[in-house]
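This briefing goes with the sequence and the 3D structure shown below. Keep both in view while reading the points that follow.

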Amino acid sequence: METNHKSALAVRNLPIFKGWIACAIALVSFAAGALLTTRLTHLNQVRADSNRVFELMVYHPAPGKVPALESIFRDVAKLQDKHNLNVVGYWVPNDDPAWANTFIYVVAHPSREEAKKNWDALHADPAFPEYRKQASEIIEKVNEKYNVDEVYMRPTNYSAMK
């Protein structure tokens, strides 16, 4: 049986065949990059600092005083940022009468020790006492203590945020 090598070479030199080669190379490169990126992202999640904590703060202002507390925290947020208090977000519950007088925020800390250091720095800031005074006038008291719930939380190993 006789083969014709010239026809095989001719097919290889066709522009369409060259286009498929370029597509195949691009596809393999994309797949390799995606695989590498996925592996690196997974490694970053595994290496998450195990000391990191989140602090949930739930304030219970007097009825109708949530907007006033929001206004105070709008300014306090700048001080918190200045003292490395990484606030993830502030929330006011919607359309639930049981939570009508509630103001919530979450702070991310590298560790409990860093949290204490940063809170101490905020409380020592000369601008802070005025904000504390304003807030203390509108936060409810229960048994002579301000009605503020505070809890430190650690992320679970399956949490998207670590």
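Buried means under 20% relative accessible area, exposed means over 50%, and partly exposed lies in between, with a 1.4 Å probe and protein chains only. By this scale K82 is exposed, at a relative accessible area of 55%, whereas D125 is buried, at 7%. This is a predicted model, in which local features need pLDDT of at least 70 and side-chain atom pairs count only at pLDDT 80 or more, while totals for chains, interfaces and linings use all residues. Residues are numbered from 1 along each chain as its sequence is written, and side-chain values use heavy atoms, with hydrogens and water left out.

**The nonpolar core**

- A nonpolar core is a set of buried Ala, Val, Leu, Ile, Met, Phe, Trp, Tyr and Cys residues joined through side-chain atoms within 4.5 Å.
- The largest such core has 19 residues, and Y59, L69, F73, Y105 and W119 have the most contacts inside it.
- At least two residues of this core come from each of β1 (53-59), α3 (66-82), β3 (103-109), α4 (112-124) and α5 (128-136).
- The helix α3 gives the most to this core, with 5 residues.
- Helices (H or I, at least four residues) and strands (E, at least two) are DSSP runs, numbered from the N terminus.
- Leaving aside residues up to four places away in sequence, Y59 touches L69, F73, N101, T102, F103, Y105, I139, N147 and V148, where contact means heavy atoms within 4.5 Å.

**Helix α3**

- The helix α3 has 17 residues and reaches 24 Å from its first C-alpha to its last, close to the 24 Å expected at 1.5 Å a residue.
- The expected span of a helix is 1.5 Å times one less than its number of residues.
- At D75, α3 bends by about 30°; the bend at a residue is the angle between axes fitted to the seven residues ending there and the seven starting there.
- V66, L69, I72, F73, V76, L79 and Q80 are the buried residues of α3, and the buried residues of α3 pack against β1, β2 (86-91), β3, α4 and α5.
- Just after α3, N84 takes a positive phi of about 60°.

**D125 and its surroundings**

- D125 lies in the loop between α4 and α5.
- Not counting residues up to four places away in sequence, D125 touches L79, K82 and H83.
- D125 and L79 are 46 residues apart along the chain, and their C-alpha atoms are separated by 8.3 Å.
- The side chain of D125 also reaches the backbone nitrogen of A127 at 2.8 Å, a polar contact (a pair of N or O atoms within 3.5 Å; within protein, one must be able to donate a hydrogen and the other to accept it, and residues adjacent in sequence count only if both atoms are side-chain atoms).

**Salt bridges**

- Side chains of opposite charge can pair when their charged atoms come close.
- The structure holds 5 salt bridges, each a side-chain nitrogen of Lys or Arg within 4 Å of a carboxyl oxygen of Asp or Glu.
- One of them joins the side chains of D125 and K82 (3.0 Å, N to O). This pair links distant parts of the chain, 43 residues apart, with K82 in helix α3.
- Another joins D120 and K116, with the closest N and O atoms 2.8 Å apart. Because D120 and K116 are 4 residues apart in helix α4, about one helical turn separates them.
- D120 is partly exposed, at 39% relative accessibility, and K116 is exposed, at 52%.
- K133 forms a salt bridge with E137, the closest N and O atoms being 3.1 Å apart. K133 is partly exposed at 46%, and E137 is exposed at 56%.
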